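Please look over the sequence and the model before reading on. The notes below go with them.

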Amino acid sequence: MATETLIWLVPLPPLLAFFLIVLFTNKSKALSHSIAVGAAFLSWLAAMLIFAAALGREHLGEDPFTSQINWLPTGDTFLKIGVMIDPLSAVVLFFVGWTVLMIFLYSVGYHNFGQPAGDHDHKGLPPHGATVTDEHGHKHTVLSIEPMYSRFFAFIGLFAFGMYTLVVSDNLLTLFVGWEIMGLCSYLLIGFWFAKPSARAAAIKAFMTTRVGDVFMLMGVAYLYSMTGTLSYRAIFYNEEVLHHLATTAAPLFGMSAAGLIGLLLFIGTVGKSAQWPLHIWLPDAMEGPTPVSAMIHAATMVSAGVYMVIRIFPLFTADWDHHSLTTTMSIIAFIGAFTAIFAATIAVAQNDIKKVLAYSTISQLGFMIAALGMGAYIAAAFHLVTHAFFKALLFLGSGSVIHGMEHGVMHTGDHHVDPQDMWNMGGLRKKMPITFWTFLIGGFALSGFPLVTAGFWSKDEILADAFAHGHWAILATLSIAALMTAFYTMRQITLTFFGEPRTKEAEHAHETPWTMTTPLVVLSVFAIGYGWLGIPEHFPGLGGIVPNWFHEFVGGTLIHHPEAVAFHWEPLAISLVVAFGGLGLGWVVYKDVKAGQPDPLEKPLGPLYPFLKNKWYFDEFYTYYVVGPMTWVSEVFTFQWMDRGVIDGIIHSVAQLAPAIGSFLRNWFDKPVVNELIGDGSAAVFQWLGHQLRFIQTGRLQAYLISAVATFLVVGAALYYFGF
Amino acid sequence: MNFLLQPLTLVTFFPLLGVLALVFINGEQKNTIRWTALGTALVTFVISLWAFFFSGQFNPANGDLQLVAKYDWIMVAGWNIRYYIAADGLSVMLILLTTFLTPIAILSTWKAVEDRVKDFMMFFLMLEVGMLGVFVAQDLFLFYIFWEFTLVPMYFLIGIWGGPNRLYAAVKFFLYTMAGSILMLLAILWLGVNQGTFSVPDLVAKGGIPVDIQFWLFWAFTAAFAIKVPMWPLHSWLPDAHVEAPTAGSVILAGVLLKMGTYGFLRFNLPLFPEAAVAAAPTIATLAVIGILYGAAVSYSQKDVKKLVAYSSVSHLGFVMLGMFALNSQGIQGAILQMINHGLSTGALFLLVGMIYEQTHTREIKVYGGLWKITPVFGTLMLIVALSSMGLPGLNGFVGEFTILLGAFGSVAYGSYWYAMLSAIGVILAAIYILYMFQKMFLGPAGEITHHHEIKDLNLREIITLLPLLVFIFWIGLYPAPFFNLMAPAVEKLLIPFQAVLMAAH
């Protein structure tokens, strides 16, 4: 099969799975998950074949795989849609294929396949456990299967379709289609347990917040189209003429170039999708969804799609860039990225929910990538995007495994007040859950940037090196501190969860999870280590040059002008080492001896800052008070009551009163006889008053009138027609 | 006989045959009456399909008026009034939408209307004749007759089969629309007398209406059409009419009657008064944008789900107007497609709301809750339609909105990006009110009604009623090219005079 055909086919199996499950197999859980996982496997297979073909193609950047069809006629031309694999989409396709497949497999175990149905489980609530009697007649409470098991696989199938569509798209329109389908699935899956009020609220919040960004993005798309007449990547971003035109046209706002303003509008879409400040508020709440969803949508794929889009449109930012001082758009992007990176890291430090820590960590890491793009570090951002997808998916799945293990403990003790997600209820899990522990450790170290071994080190180091080489000191300082905090909260998490002694009975009875859950952990941890070796800078002491810097060479080909690799410097490397070891060490020292019931050791030294961080800088409260409140008032009071019912209807009613003659005429001659009597006595005397004068027609039957109306119409018409001659 | 066998004449007046048949059926035989009405509507639909696609007399690649039937009618004292009907790319989809939605609406009344079924069906079929007449008439006088004629059956549909406050709603609907129509009538008479013909193509070809008079005529027509659309601030009859109207009435009201207003702009205001249209474009766009935002804001605060849908129409029709007065091919094509989309999505929303109302007799949002769990099919269909209404890519609403945005962005007539930028905020607001509605009614714990009331999921008839709409919701969303192809040549033709006018104006 031609590679181009294969590219068209990549997104289809999960879509097919969605329809098959929804329409036919939703009664059978085994069949449903087999179809879903099978579909994910087919897409994975296609993705890998395409990736291999992409590796084998020389000058893939200049000559990518493409195929197009006409979609929307716009005047005399067509808006074409199509697929394309260039180096950037190839590497993204690679990690999407792997993470999606692993997460599909993981979901089977996570939703307790093979366990009995729950005693009191309801659709829309997480399973509460089932009672089983063993051969000795003892009753045990065990985990029970998710009541909406099939529905979950249908939804994630649809999601995977959206993500693959986005990746293989060759234009911003289908990218946007995939983007929104994912947004919908994110909504549906965050609110998967829809009987929980918190889940419902989180779902709607996620959709709204990202939608705010999406609309700006849509404006950017429309603006770009009105300037260039196309939305195809190749025709815009790989076309010097078009880029030059965009860079030299002035935009109507802020004295920017059209390229700058379009870039900024599109970037706001990413701010929503990739949960950047100030639209970050939805992602932590999104942890209400099942953990595979957090891993896939809210760490590895959908939020990464936001960054992917910014990487995709990168030539827009650099079109009017002199490669020295950043343009307005780039400065804004760099600022938002860097600020988000440090801001979210501070919050992560004070969270107790194992998933919330990871959520803020995701926001922060995405901020790293955005900051990198803002300062023009194209390759570094792409590299961190890929490594982060692997290790963050790993961490989320690991946390899901931990929670699952803890739920096992909760079932055992029967104390449902113990929150299986609160890290203060854990401790000592390394012995109970060894596979989860080791893989989580790998993921955590990758996130912290543990030197040389982990992928996260190489990609994060590259961002810092770039900031150093180009003298972006403020960004360098901010990101370095954020990296220090990252290592610190990661070690805090690892220590609280896995080290020390179990702090609750539940933790004592935690249990390693089934193979469907641990296999993905192992596979992903291979990438969390190994992928970094694909991007070792050429002049890195000792290791540089042994393995070629494949990532740089390959992905760099996406742009017309291959970006230069930055020269090696000792300083950023030193910073990387200090922050990684410093953060990890500090985290270990502070948390290694935490006992049950003890408050967070940070509470005292941080003072009032601690509740401030724990409450996420009070951003939710801010939005509720200053955005949602006024909006509701505008809608309910101002627009509806004052304007619509008050002013507009008021004018209309007073017009009626100001014209009493018309009013009484209508009342006496129209209202009363026609409407009142018609409705009042329920008889068919519609034209009663007319009937007094035309008594012979009045038969009291409505249809008689209708016929006479039609007849009159025809007779008069015919008469006039006749006279017309 | 030739006269009656003209394809368009046949389509337009065929429902009258049904009315005639109904006269002879005993009012007690309700099912016979229903089947007769449904059969008539279905045959009308088939005839309309035949007329446009299989008769070989209509070629969409040609932008001109086709399927012409033209007879002198009233030719006294210098009045040249003709029976002149025809169709082109601007009207073909609206005609099909009418013949498509009517049987669906009739099917939805199967259980909902038990009272005076015979009268109901007669009015309904007569309404169809009126609507079709509006879309095919090419003579201003004839158009006006059809235009006013639609008021009567709708007035009775609301006034007899409506809700508790139907009297107020029916009178408000009637008077409001009448008030606008009178101004249009004056303008029509002026044109007929001064230009010596009522034929629209002749008037367009003749042209040469002085610009200052164009201005007055333009706004006189606008008065009638803007009320019908309805454009802000002339919309306040709409929520009342919708809330009181029976389900089938709401479907037709939202699906087709409102489009008579937007179609009127397209057919008369633009070609007859091009200079005035260009001059008015920013004003119309401003009103459209206000309507988009205002309608969305008010929708959010509604406690009654039907009112919510009604106000959302104000917002959606704002998009149609915004696209149309962009006066470029994307804007107008998007506007026409969005008329169809709105008919499909909002029609489906009203059907769904009606289906639950039949069981519970309340439309208050807060008494529902947890419906998805109890009625999965209903919930799923509602979600799809809601998503289509809020413009999710992959479904029809997005294609229309996106094309309109492209048009508004590149509009020379507007000369500013701001209209497009601000209207896009409406897209966010749409998501808010639709999803809140969905959340409150379908998710979460069972509400008062869902708790105490045995609510059944959709039955086969109801699913069949909705299915055709869903097919088009997906079709237009995934592959809209055939729909655009149908209208593109006519739109290009419509735009020819504007190129010169726009050049001169800017």
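The report takes chain A and then chain B.

## Basis of the report

This is a predicted model, in which local features need pLDDT of at least 70 and side-chain atom pairs count only at pLDDT 80 or more, while totals for chains, interfaces and linings use all residues. Residues are numbered from 1 along each chain as its sequence is written, chains are lettered from A and ligands numbered from 1 in the order in which they are written, and side-chain values use heavy atoms, with hydrogens and water left out.

## Helix packing in chain A

Two packed helices are described by the angle between their axes and the distance between the axes. Helix α12 (residues 291-300) of chain A packs on helix α17 (residues 378-413) of chain A at about 165°, and the axes are 9 Å apart. That makes α12(A) roughly antiparallel to α17(A) (an angle over 145 degrees). Axes are lines fitted to C-alpha atoms, for helices over the stretch in contact, and angles run from 0 to 180 degrees between N-to-C directions. Helices (H or I, at least four residues) and strands (E, at least two) are DSSP runs, numbered from the N terminus.

The contact (heavy atoms within 4.5 Å) includes T291(A), P292(A) and H298(A) of α12(A) and H388(A), F396(A) and I403(A) of α17(A). By class, the contact of α12(A) with α17(A) has nine nonpolar, six polar and one charged residues. Ala, Val, Leu, Ile, Met, Phe, Trp, Tyr, Cys and Pro count as nonpolar, Asp, Glu, Lys and Arg as charged, and the others, Gly among them, as polar.

## Two buried residues in chain A

T329(A) sits in helix α15 (residues 328-349) of chain A. T329(A) is buried, at a relative accessible area of 3% (buried means under 20%, with a 1.4 Å probe and protein chains only). Beyond its neighbours within four places in sequence, T329(A) contacts M256(A), G260(A), L261(A), G263(A), L264(A) and F317(A).

I281(A) lies in the loop between α10 (258-273) and α11 (282-285) of chain A. I281(A) is buried, at 10% relative accessibility. I281(A) and F619(A) are 338 residues apart along the chain, yet their C-alpha atoms are separated by 7.3 Å. Not counting residues up to four places away in sequence, I281(A) touches K205(A), T209(A), F619(A), D620(A) and Y623(A).

## A hairpin in chain A

Strands β3 (residues 130-133) and β4 (residues 139-142) of chain A pair in the antiparallel sense over four bridges (pairing takes at least two bridges found by DSSP). V132(A) stands opposite H140(A) in β4(A). The hairpin has five residues between the strands, and G137(A) takes a positive phi near 85°.

## Helix packing in chain B

Helix α4 (residues 92-108) of chain B meets helix α5 (residues 117-136) of chain B at about 170°, with axes 9 Å apart. α4(B) and α5(B) are therefore roughly antiparallel to each other. Among the residues in contact are L94(B), I95(B) and T98(B) in α4(B), and M121(B), F124(B) and E128(B) in α5(B). The contact of α4(B) with α5(B) divides into eleven nonpolar, three polar and one charged.

## Backbone exceptions in chain B

Most residues other than glycine have a negative phi, and most peptide bonds are trans. The bond from V229(B) to P230(B) is cis, with omega near -10°. The bond from W232(B) to P233(B) is also cis, with omega near 0°. P230(B) is in the loop between α10 (211-228) and α11 (237-244) of chain B, and P233(B) is found in the loop between α10 and α11 of chain B.

L67(B) is not a glycine, but has a positive phi of about 55°. L67(B) is in strand β1 (residues 66-74) of chain B and is buried at 6% relative accessibility.

Methods:
Angles under 35 degrees count as roughly parallel, over 145 as roughly antiparallel, 65 to 115 as roughly perpendicular and the rest as oblique. Buried means under 20% relative accessible area, exposed over 50%, partly exposed in between (1.4 Å probe, protein chains only).
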